[in-house]
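Here are my notes for you to read with the structure open beside you. Take them point by point and find each residue as you go.

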Amino acid sequence: MRLVFLGAPGVGKGTQADRVTAQFGWPKISTGDLLREAVRNQTSLGLEAKKSMDAGKLVPDIVVINMVRSKLDEPLCQRGFILDGFPRTVPQAEELNRMLSDGGIKLDRVINFRVSRHDIVARLSGRRSCSNCQSVFHLDFAPPNVSGQCDRCGGALVQRNDDKPETIEARLKVYDEQTAPLIAYYDAKQMVSHLDGSGDMTQVSERLVSVLRGLGAA
Ligand code: AMP
């Protein structure tokens, strides 16, 4: 199945995409993860993107479009994929349509995760990730067994620069202005399933899996 996970930062798209990948096997393509990897590796693209990311702004469309294009070309993505955090602007969505139709394929569905603003801020501000293996935790909702330490590899848990309070506000503004219009864009094509993203991750997973089964996922 070819899916787009849409929603504001902090709605849980990435966590749910990981769970769907584990259950159904479609790989997750997260432009945020790819960009953070480029930043860690200090590539020229990463160093350039870091400025926008730390400020809570979007990196230029062309940068993420090229990243996604090369991922979609990989054999692993031929059976399906989950796009997490892409597209984030209408031009990115249009370019995605072109990329897919050039390959003779199309998206199956856009899942729009809905969570209250209050919950989003709580989820983002408590999020911590492992500086070594990038596993994600939450101080209240998914705390590590030992404070400040990754359960999987023992690495130090850190807060993402863009999860600091002032940047959270900037990211939500960018979402409202540039990404939220994609809901109407895909709604007009009757491609959207709206999903209640509130509650714990198991509850959200159950709702999501039932939507995916309704779409024919086995
Ligand atoms: P995320 O992990 O999806 O919240 O992404 C983290 C940051 O990476 C965003 O705040 C943007 O700066 C950048 N980013 C990720 N995906 C995109 C995208 N599709 N278009 C532009 N910038 C992106």
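1. First, a term you'll need: a nonpolar core is a set of buried Ala, Val, Leu, Ile, Met, Phe, Trp, Tyr and Cys residues joined through side-chain atoms within 4.5 Å. Keep in mind, too, that this is a predicted model.

2. Now for the core itself. The largest nonpolar core holds 53 residues. Phe5, Trp26, Leu96, Leu107, Tyr186 and Leu212 have the most contacts inside it. Helix α4, residues 61-72, gives the most to this core, namely five residues. As a general background, nonpolar side chains tend to be buried together in soluble globular proteins.

3. Have a look at Leu212.

4. Next, a sheet. Three strands make an open sheet, ordered β6-β5-β7, with antiparallel pairing. The edges are β6 (136-138) and β7 (157-158), and each of them pairs on one side only. Between β5 (residues 127-130) and β7 there are two bridges; Ser129, for instance, has Val158 in β7 as its bridge partner. Helix α6 (residues 117-125) lies across β5 and β6, at about 35° to β5.

5. Finally, the ligand. There are 16 residues around it, and Thr31, Arg36, Lys57, Gly85 and Gln92 come nearest. A polar side-chain atom of Arg36 sits 2.9 Å from a ligand oxygen atom. For Arg88 the corresponding distance to an oxygen atom of the ligand is 3.0 Å, and a side-chain N or O atom of Arg171 is 3.2 Å from a ligand oxygen atom.

How values were computed. Residues numbered from 1 in each chain as written. Predicted model: local features only at pLDDT ≥ 70, side-chain atom pairs only at ≥ 80, totals over all residues. Heavy atoms only, no water. Buried < 20%, exposed > 50% of the residue type's maximum accessible area, 1.4 Å probe, protein only. Helix = DSSP H or I, 4+ residues; strand = E, 2+ residues; numbered from the N terminus. Pairing = 2+ DSSP bridges. Contact = heavy atoms within 4.5 Å. Axes fitted to C-alpha atoms, helices over the stretch in contact; angles between N-to-C directions. Near = heavy atom within 4 Å. Polar contact = N/O pair within 3.5 Å; in protein donor to acceptor, adjacent residues only side chain to side chain.
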